[in-house]
Amino acid sequence: MEKRKILVTRPQLPPLNEFIPLLADIWESRWLTNNGKYHQEFEKALAHYLGVPYVCLFANGTLALMAALQCLRIKGEVITTPYSFVATTHSLKWNHIKPVFVDIEPDYCNLDPAKIEAAISPQTTAILPVHVYGNPCAVDQIQNLADIYGLKVIYDAAHAFGVRKNGSSIFNYGDLSIVSFHATKVFNTVEGGAIICHDLKTKKRIDYLKNFGIANETTVIGPGINAKMNELQAAYGLLQLKYFDTVIDARKYITDKYKKGLQSIAGIRFLDVADDIDYNYAYFPVFIDELQFGQSRDAVFEELKKHDIFARRYFYPLISEFPTYRSLPSAKGLHVAHEMSRQIICLPLYPDLPDEIVDLIISIIENMSEVSAAKISVNVLSDLNRNHDLHKK
Ligand code: T4K
């Protein structure tokens, strides 16, 4: 049998035997999409599980982002982060909005609240921060700035499903939050996503927007798009929700194991979970300081590949380095983002990742660090000998 490659993630699926009766029901009903019964049930179940007022399901997170910007009629310039997946900035571009990049802070790689104010111009209408890896942004500071300058805040919370701050969903912050249910996410509906909003009026507007702008049989309120989730995905999502708590427990177990194994290696840093946060263990990002570790992040990436382990460099390159964005004035500088992007490697993390693979990954990194330490001591020794010889002369 061919040896299985270890990828950065492996989607969690609900038990097939539980999905089949739901499929049979959908087959029988011939109701496949357009706000069917599973769609309605899934929206309610998500709102209840997450503790949020309203959920609007979407076909994917990118369309949810694009619709969120349309919903709030965002125009002009929007402040955002270069350290994210391209969809964040692309959603602005598709809405003819100019992205203005602001650097990130090094603790969680989120937008640095201390650097936002200097980027606000008369054209700024909103802030689009990302809760990178599911770690919440400085939500209070961001809201404070938004209130002072009259800006909207839309959180790209693609990674943050299930994350809570002081016991409340992180989706309750800002004007809107969007989340992704893509196959690679901590909670998946194959493809999918949602906008979380705070009032029924906004929910109605979003629901029109994702269904061509149709309000009723004879009224189209504006140029909406088709961004609906279908019944198969909604039914699948309902099952996923049943198992989500066990998924989090399994992810936490692996994260703790990685941390224990890697914590004493010089030049390896991982992100701490803040005290007021219930985390979702969406990714296991590790930052490799080349000077201290003795080898580069890319050396670790390549070494893991030799063992059929495919980590990912989320987020390298920065969005601001792509051709579409690199000529923007705000693409210059961004020193922290560049440094983090140079150091980052996300190690494989998914619920059924075997213990022995985690041990193998730890030992590969450990060995690399020992090899570099040995090289350093050989160099130090030869330097000492050389100095000694010079003195003798
Ligand atoms: N905002 C942020 C901050 C985001 O991170 C994302 C998506 C979005 C917005 C947009 O949300 P969506 O429109 O996608 O709902 C992946 C995902 O495709 C993307 O959803 C995600 N962010 C991004 C961070 O990661 P790639 O290009 O790395 O995907 P890919 O195909 O290389 O897959 C990653 C790994 O997962 C591979 O090792 C293979 C494995 N995999 C993948 C799929 C699709 C599987 O094992 N099974 C699968 O079915 O972007």
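Arg 342 is partly exposed, with a relative accessible area of 45%, where partly exposed is the range between buried (under 20%) and exposed (over 50%), computed with a 1.4 Å probe on protein chains only. The structure is a predicted model, in which local features need pLDDT of at least 70 and side-chain atom pairs count only at pLDDT 80 or more, while totals for chains, interfaces and linings use all residues. Residues are numbered from 1 along each chain as its sequence is written, and side-chain values use heavy atoms, with hydrogens and water left out. The protein chain is assigned domain 1 (6-241) and domain 2 (244-389), bounds that come from an automatic or database domain assignment.

**Salt bridges within helices**

- Arg 342 pairs with Glu 339 in a salt bridge whose closest N and O atoms are 3.0 Å apart, a salt bridge being a side-chain nitrogen of Lys or Arg within 4 Å of a carboxyl oxygen of Asp or Glu.
- Both Arg 342 and Glu 339 lie in helix α10, 3 residues apart, or about one turn of the helix; helices here are DSSP runs (H or I, at least four residues) and strands likewise (E, at least two), numbered from the N terminus.
- Glu 339 counts as partly exposed at 31% relative accessibility.
- Salt bridges with shared partners also join Glu 43, Lys 203, Asp 207 and Lys 210 into one network.
- In helix α9, Glu 303 forms a salt bridge with Lys 306, with 3.3 Å between the closest N and O atoms, and because these two residues are 3 apart in the helix, about one helical turn separates them.
- Of this pair, Glu 303 is partly exposed with a relative accessible area of 23%, whereas Lys 306 is exposed at 65%.

**The domain interface**

- The centres of domain 1 and domain 2, taken over C-alpha atoms, are separated by 28 Å.
- In the interface, 48 residues of domain 1 are in contact with 51 residues of domain 2, contact meaning heavy atoms within 4.5 Å.
- About 4,200 Å² is buried between the two domains, with carbon and sulfur atoms giving 62% of that area; buried area is the accessible area (1.4 Å probe) that two parts lose on being put together, summed over both.
- Ile 6, Val 8 and Tyr 133 supply 21% of the area that domain 1 buries against domain 2, more than any other three residues.
- Across this interface the rule finds 3 salt bridges, and Arg 164 forms a salt bridge with Asp 278 in which the closest N and O atoms are 3.5 Å apart.
- On the side of domain 1 that touches domain 2, β4 gives the most, with 4 residues.
- The residues of that side divide into 25 nonpolar, 13 polar and 10 charged, with Ala, Val, Leu, Ile, Met, Phe, Trp, Tyr, Cys and Pro counted as nonpolar, Asp, Glu, Lys and Arg as charged, and the others, Gly among them, as polar.

**The loop between β4 and β5**

- Asp 112 lies in the loop between β4 and β5 (124-128) and is buried, with a relative accessible area of 13%.
- A polar atom of the Asp 112 side chain lies 2.9 Å from the backbone nitrogen of Ala 114.
- Leaving aside residues up to four places away in sequence, Asp 112 touches Val 102, Asp 103, Ile 104 and Glu 105.
- Asp 103 and Lys 115 meet through their side chains in a salt bridge (3.7 Å, N to O), where Asp 103 is buried at 8% relative accessible area and Lys 115 is partly exposed at 34%.

**Backbone geometry**

- Most residues other than glycine have a negative phi, and most peptide bonds are trans.
- Tyr 133 has a positive phi, near 60°, in the loop between β5 and α5 (139-149), and counts as buried at 0% relative accessibility.
- Asp 308 also has a positive phi, near 65°, in the loop between α9 (297-306) and β16, and counts as partly exposed at 25% relative accessibility.
- A cis peptide bond joins Tyr 314 and Phe 315, with omega about 20°, and another joins Tyr 316 and Pro 317, with omega about -10°.
- Phe 315 is placed in the loop between β16 (309-310) and α10 (335-343), and Pro 317 is in the loop between β16 and α10.

Key. A polar contact is a pair of N or O atoms within 3.5 Å; within protein, one must be able to donate a hydrogen and the other to accept it, and residues adjacent in sequence count only if both atoms are side-chain atoms.
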